[in-house]
Amino acid sequence: MNLVDIALLSGAGLAAGTVNAIAGGGSLITFPALIATGLSPVAANVTNSVSVFPGYAASVYGSRSDLRDLARERAGLWQLVPTSVVAAALGCALLLATPARAFDLVVPFLVLAAATTLAFQDRLRKLVGHPRDMTPRRRTLSLHAMVFVGSLYGGYFGAALGVMLVAALGLVLDQSMARISALKNVVSALGGLITVLVFSAFGPVDWADVVVVAPTAMLGGYGGARLARRLPSAVLKWLIVAFGTGVGLVLLYRAVF
């Protein structure tokens, strides 16, 4: 690894950590950077998953005030931890055991659908029911289902996971965008922890690259989370929609061409 590679990976880690904390999609920055340094696609994928985890952890710390508020209002949210962990582990197993091509073709449409869902969230709530009108049982089951599907996807692939989680959680939680984003950070970090454990044991991780990317991803994750909680809900929402749409189109281009 030369100085150019170090500079490239450091900058990519900082940008990815910031983007992941605000909206998601940071892997589209770090993954190509790792490929550019000479890693194979598989090695770059697992190295990327391990590298960005510190950024997720830092974003949780950066949004701790909103998480404390959520914990006081809805203690049951912490029951989501087992759901997220199990789903992420299953996603990792799928990645290591199955070919990715078919899923790669589906992912862009999932990301674009998530961005569209978030853009038209208020109208969709009129169709599926506002969170405050749901029974406690329905809200709990819906929340666990959303987290399970999101964590499964995160363990398998993960690009734009934040967009999907914010869109899904926003349909079942009557909370501000900052608080929903904070919960998204927790779910992403839990999934990231599982990918670190699984890929460290069974994947071809390039630890030299991890040492370069991880610290800057952590800085970006903390800074991005602090920025997200200061943005008005409407601004944060449309930033996430814009990120999600861009990520979806990039993934679609890669899958087709």
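Predicted model: local features only at pLDDT ≥ 70, side-chain atom pairs only at ≥ 80, totals over all residues.
**Exercise 1.** State how many cavities of 30 Å³ or more are counted, and work out which residues and elements line the largest cavity.

*Solution.* The count comes to two cavities of 30 Å³ or more, and the largest cavity holds about 40 Å³ of space. Its lining consists of Leu77, Trp78, Leu80, Val81, Ser84, Leu183, Val186, Val187 and Leu190. The elements that contribute two or more residues to this lining are α5 (80–97) and α10, with α10 giving the most, four residues. By class, the lining of the largest cavity comprises eight nonpolar residues, one polar residue and no charged residue.

**Exercise 2.** Determine whether leucine 183 is buried or exposed, and describe its surroundings.

*Solution.* First locate the residue: leucine 183 lies in helix α10, which spans residues 177–202. Its relative accessible area is 6%, and because the cut-off for a buried residue is under 20%, leucine 183 is buried. Leaving aside neighbours within four places in sequence, leucine 183 is in contact with Leu67, Leu70, Leu77, Leu80, Leu169 and Leu173. For a separate distance, take valine 166, which is 17 residues from leucine 183 in sequence and 8.6 Å from it in space, C-alpha to C-alpha.

**Exercise 3.** Describe the largest nonpolar core, and find which element supplies its largest share.

*Solution.* The largest nonpolar core has 41 residues, and those with the most contacts inside it are Val111, Leu169 and Ile240. At least two residues of this core come from each of α4 (64–73), α6 (101–119), α8 (136–156), α9 (161–172), α10 and α12 (233–256). The largest share, nine residues, comes from α9. Apart from this core lies another, of 14 residues, including Val46, Leu95, Val196 and Val210. To close, consider leucine 169, which, with neighbours within four places in sequence left aside, is in contact with Leu143, Val147, Ile180, Leu183 and Lys184.

Conventions:
Residues numbered from 1 in each chain as written. Heavy atoms only, no water. Buried < 20%, exposed > 50% of the residue type's maximum accessible area, 1.4 Å probe, protein only. Contact = heavy atoms within 4.5 Å. 1 Å grid on protein atoms, 1.4 Å probe; cavity = no way out; pocket = protein on both sides within 12 Å on 5 of 7 lines; lining within 4 Å. Points joined across faces, edges and corners; volume = space filled by probe spheres on them. Nonpolar A, V, L, I, M, F, W, Y, C, P; charged D, E, K, R; others polar. Core = buried A, V, L, I, M, F, W, Y, C linked by side-chain atoms within 4.5 Å.
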